[in-house]
Amino acid sequence: MEYKDFITKIEEYSSIVIFRHTRPDLDALGSQIGLAEAIRFNYPEKNVYVVGDSSRRYGFIGSMDEVSDEVISNSLAIICDVAVKALVSDDRYILAREVIVLDHHRNDCDISGAKTIVDVTRVACAELIAHILYEQGKRINPYAATALYGGIVTDSGRFQYGNTTPSTFRVAAWLVDCGADMDYIYSNLYVETLKERQMKNFFGTHFIAGDDGVAYMKNDQDILDKFPNVSFFDISRGMVNVMAGIEEIKIWANFTLDPESGKVVGEFRSRGLSIVEIAKKYGGGGHANACGATLDNFAVADLVLNDFRELLKEGE
């Protein structure tokens, strides 16, 4: 789908509902809320809604709407930051008159009938959306710019990850020109409570690292019980990077039991080589150096770790 056709579809509908993936990170929420606010700013006569599960960690960027089935059935659905139907938060997008997917992950879209704009060269879905708005001559307000900027900051690792490009900086600069509040984003992302720092210190000393270049954690129910007031997300995705930035470690993984499903959620990260094909082998996906998969049990996690070790051996 061309950018201009995307804008045309927005202009055709008086009601638009924006979706994204479940257990959202700031790129998912920033893309969703930033796009919604941008549409409202450019087309104030339209009704625009955002739906999905809530986020305690990233709730500072905005809240979700309560939307009826009837509204969705008369709307354009836009799905941000995910192209896999099983991962969309709120499956009522199937009721919409048309569906458009905006994504930057290396997964094939399996959402039936959806038109897509997928650009894997973008470090964040928020970057893709901001780029589209800029290229199509749209202006945005500071709220939209702040949400989109937050998505770029987190998915680029504060502009440190290898897939950050010159275009990423150009888009970020445009968002700042539009009024993005950088201080608001950074103060909410990188200032933590004493308890949060203590938790990070705990996980920072409880991972396993051998001489094979792979580090990992396995967080079972006993570990979860140590932090009863902490969300699953804060332990799973939130703690994976306590293993980052260590010279001897090229690949690191955090495996966490999901009490709701009984499955084990794996968060995988790497430095200097792509691991996303291994994530896809186990039903997951994501970025080349930051991806994940949901596994049946910790025994499957051992298979994933073996694949990581084999990958490193191949590169020697």
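Predicted model: local features only at pLDDT ≥ 70, side-chain atom pairs only at ≥ 80, totals over all residues.

Reader: How many bridges join β3 to β4, and do the strands run parallel or antiparallel?

Author: Five bridges join them, and β3 and β4 (residues 98–103) run parallel.

Reader: Which residue in β3 is the bridge partner of Arg20?

Author: Cys80 is the partner of Arg20. Now widen the view to the strands themselves. Strand β1 (residues 15–20) runs parallel to β3, and five bridges join the two.

Reader: Next, burial. How many of the five residues of β3 are buried?

Author: Take the cut-off first: buried means under 20% relative accessible area. Five of the five residues of β3 (residues 76–80) are buried, so the strand is largely enclosed by the rest of the structure.

Reader: Which residues of β3 lie on each side?

Author: Read the two faces separately. Leu76, Ile78 and Cys80 are on one side. Ala77 and Ile79 are on the other. Both faces of β3 are covered.

Reader: Now salt bridges. What is the count?

Author: The count comes to 24 salt bridges. For each pair, check the distance, then the place in the chain, then the accessibility. Asp302 and Lys218 form one, with the closest N and O atoms 2.5 Å apart. Asp302 lies in helix α12 (residues 298–314) and Lys218 in strand β7 (residues 214–219), so this pair ties together parts that are 84 residues apart in sequence. Asp302 is partly exposed, with a relative accessible area of 33%. Lys218 is partly exposed too, also at 33%.

Reader: Where do Glu12 and Lys9 lie?

Author: Both are in helix α1 (residues 3–12), three residues apart, about one turn of the helix. Lys9 counts as buried, at 16% relative accessibility.

Reader: And Glu37 with Arg40: why are they separated by about one helical turn?

Author: Glu37 and Arg40 are three residues apart in helix α2 (residues 26–42), so about one helical turn separates them. They form a salt bridge, and the closest N and O atoms are 3.3 Å apart.

Reader: Is Glu37 buried or exposed?

Author: Glu37 is buried, with a relative accessible area of 15%. Arg40 is partly exposed, at 28%.

Note on methods. Residues numbered from 1 in each chain as written. Heavy atoms only, no water. Buried < 20%, exposed > 50% of the residue type's maximum accessible area, 1.4 Å probe, protein only. Helix = DSSP H or I, 4+ residues; strand = E, 2+ residues; numbered from the N terminus. Pairing = 2+ DSSP bridges. Salt bridge = Lys/Arg side-chain N within 4 Å of Asp/Glu carboxyl O.
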